[in-house]
Every structure is written in structure tokens, then in C-alpha cells.
Amino acid sequence: MTIAYDLEKELRLHEQSLAPYATRSSESRGRALDEGECENRSEFQRDRDRVIHSKAFRRLEYKTQVFINHEGDLYRTRLTHSIEVAQIARSISRALGLNEDLTEAIALAHDLGHTAFGHAGQDALNICMRNYGGFEHNLQSLRVVDTLEEKYAQFDGLNLTFETREGILKHCSLKNARSMGLVGERFIQRTQPGLEAQLTNIADEIAYNNHDVDDGLRSGLITIEQLRQVEIFEHQFQQVAEKYPLLNPKRQSNEVIRRIINQLIQDLLQTTRANLSENNIRSAAEVKAMQTMLAAFSPDTKRQNAALKSFLHKNLYQHERVQEMSASAQTVITELFETFFNQPDQLPEKHLRLAQLMREKEGDFGLARVVADYIAGMTDRYALSQHQQLKMS
Ligand code: MG
């Protein structure tokens, strides 16, 4: 005898099981192009799946987070970073009764627009684009899912739901917001995105602070002794040293890091729950109408987390060796931009056609954007090989 499984009912039950302030797929503001419902997945599951199948997602494997890909096999890449963000965000989401599928879709998509070579790459491209509207990886992530992916017969981009797109757009200047339609509205009205988007933003920070500590130690650019000057690290270090006095340094730091992650998540859960109850929040609409974000750390944890972040800035991101890498990355990105902008016929056929079209429409602004889109899509090694080739030609 086959037991009938009523999928539609299960999807409905799942929605009912969520907290009242969760974002519900059935209440989505929908997609730019209405595609009708999927028979076996909720709208946010569908978004998540589209992100995973995108070309931009696969490229994340070969884009630097902090350490260049070829420096070692164990360092984070943009891909493993995005997966760690998704893991942290999903567990927070589930603990709060929120929509895990939406959370995962936002987390996996949040860095799709990032350039090669980490922040150095994005800063360099932003400088190249200063007279043409600038470059910001967050806006670019939205651009990837809205227009740049070429996968579907019916539309450009991934045609994601409003809620996933809203979550991807973490920040946006007022000037940009005015030209972005619905997804820009909240920056003008100073309202908030859903809780899934709010917590994914914090999960991003929890993930990178902690994996950068780990990668920083692995690289030898920072040491445990230095980190012990940071309150949150020292606090967990003491506990680990007391409980496991004979641990080797690698296990010791791993144990400290996992405890810091737990401490941050626990605080975030507690503070967010307290904020929800203090403000008597009963729906996703009430979350969005607030003047401030409800997902937050307590003031003390916020301060400790900021101290860890500024330690990393000072001792890792501005470390001589990371700076050297950043300087050569800047040269590569800048020279690629200048070459393609001044000699568009060096662009591959498809991009050249688009560049000509955009130049006719918008002049240098249009051309610059096509060049920036092309460069932003490049992986580290592709950018390096393109740079090498252009130098030789
Ligand atoms: Mg990130």
C-alpha cells in the first residue's frame, strides 16, 4: 500500500509552523516576472536552488576571501565563506522559528557580486568606476541575480523573489535607492528588511571574523599571544586552557573559535528574542515597519565583537604581506579596466557587442559598466591570466 504524501499540505503546515514574525513564502511580494507556482518547492526554496545553479555561484570557489587561492588548500574562499554564512544563518533562523529557506537563499547569494582578490579587488574597481557611478559588491550581487546571469529562456538574471533580493541588498545610498524601484524603497523610508535578511547580515560578520582568525593563525601572520589581547578571545581561551590544559595549539585555537561562534550566536538569539518581545512583534510586517533592526547583539557583545574586528583590521588585513597582495591585485584590476575601457575591441566578442550597444545608449557610462561587469565576474586566476595575456599582446 502506498501512503499518499500530500506535498501541498506539507508546505502549508511548514508555513504554519513558523514564528508569527517569519517571512512566509505564500505572502511573498513575488518575482519581477510571474512564473506561477512550482509544484514541489516553496518560492524561497526555488530561489535558493537558482542561486546554487548559477554561474556566479560556481565562480566563488576561485575568488579570494583574504588569502589568495593558491597560497594554500585550507584557506577560505568566497565559496566556503558563503557556505559558512549559510550554516550559521540557518541555525539562527531555525532557532527563532524563521524561514530557513529564505535565509539560505540570501546567505548563498550575498557575495555573488564580489570581485576577485577580496576587498582589494572591489576597492580597485570602485576607484576605476569613480566617474561612472562607482562599484559596490553588494549592489553588484543584486545586479548578478537581476540581470547578468544568462540561464533561462524567458528572462535575464534569476528572477528571484522580492524578499531574497531585498536581503541581498544590505546597504544602498539614497541616490542609488531612488533608481532601484521596490527594493530601494526601504532605504528611502528608513524601514527594515525581514528578520531573515537582518540575521544573515550578522551571520556574515560572525563567519568572517572567526574564519579570518583561523586563517590568520594558519598563515602565521597573527599569533595566539596577540589574540589573547582581545577580550572575547581571551575569555574563551581561559576556559579552554582550564578544561583541556594539554591541548596542542591547533586544537586549542579551533576550540576557542567554535566557542566564540557559539557565544555570539547565543547572545544574538537572546537579544533578538528580547527585542521581539519588548516590541510586541506579531508579524513580518511589524518587523519591517520598525525604525531599527530587531536582530542584534547586546551592547556588551557588540563592543567585544567590534574589538575583534578592529584587531583583525589592524593586525591581519593591514599586515604587510596581505597589503602586498592587495597592491598587486589593485594593479591587475586597474590595468584590466584601463585596457578594456580604452580598447574595447580587446573584450571577448559577447562583451564587445554589449559594450558597443551600451556606449551608443549611455556613452562612456555604459561602456564602463560593461567593462566593470566583465571584470567583477572574473575569478582570481582568470583575472591573472587575462592580465598576463594583455601584457603580452
Ligand atoms: Mg560575506
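Author: Let's start with a term: a salt bridge is a side-chain nitrogen of Lys or Arg within 4 Å of a carboxyl oxygen of Asp or Glu. Bear in mind that this is a predicted model, where local features need pLDDT of at least 70, side-chain atom pairs count only at pLDDT 80 or more, and totals for chains, interfaces and linings use all residues. Residues are numbered from 1 along each chain as its sequence is written, and side-chain values use heavy atoms, with hydrogens and water left out.

Reader: What makes arginine 143 and aspartate 373 a salt bridge?

Author: Their side chains come to 2.6 Å, N to O, and the rule asks for within 4 Å, so the pair counts.

Reader: How many salt bridges does the rule find across the interface of domain 1 and domain 2?

Author: Two. By this rule the total count comes to 30.

Reader: Why do you say that lysine 350 and glutamate 150 tie together parts 200 residues apart in sequence?

Author: They form a salt bridge, with the closest N and O atoms 2.9 Å apart. Lysine 350 sits in helix α18 (residues 349–362) and glutamate 150 in the loop between α7 and α8 (162–168), so the link spans that stretch of chain. Helices here are DSSP runs (H or I, at least four residues; strands are E, at least two), numbered from the N terminus.

Reader: How do you know where domain 1 and domain 2 are?

Author: The bounds come from an automatic or database domain assignment, which gives 41–309 for domain 1 and 328–392 for domain 2. Their C-alpha centres lie 28 Å apart.

Reader: What makes you say that domain 1 and domain 2 are in contact?

Author: Contact means heavy atoms within 4.5 Å, and 25 residues of domain 1 meet 23 residues of domain 2 that way. The buried area is about 2,100 Å², with carbon and sulfur atoms giving 65%. That's the accessible area (1.4 Å probe) the two parts lose on being put together, summed over both. In domain 1, Tyr62, Phe117 and Tyr132 lose the most, together 32% of what that side buries.

Reader: Why are His81, His110, Asp111 and Asp204 called donors of the magnesium ion?

Author: Donors are N, O and S atoms within 2.8 Å of the metal (3.2 Å for Na, K and Ca). These protein atoms, NE2 of both histidines and OD of both aspartates, lie 2.1 to 2.6 Å from the ion, so they qualify. Water is not among the atoms, so sites may look incomplete. Histidine 110, in the loop between α5 (100–109) and α6, and aspartate 204, in helix α11 (residues 195–219), are 94 residues apart.
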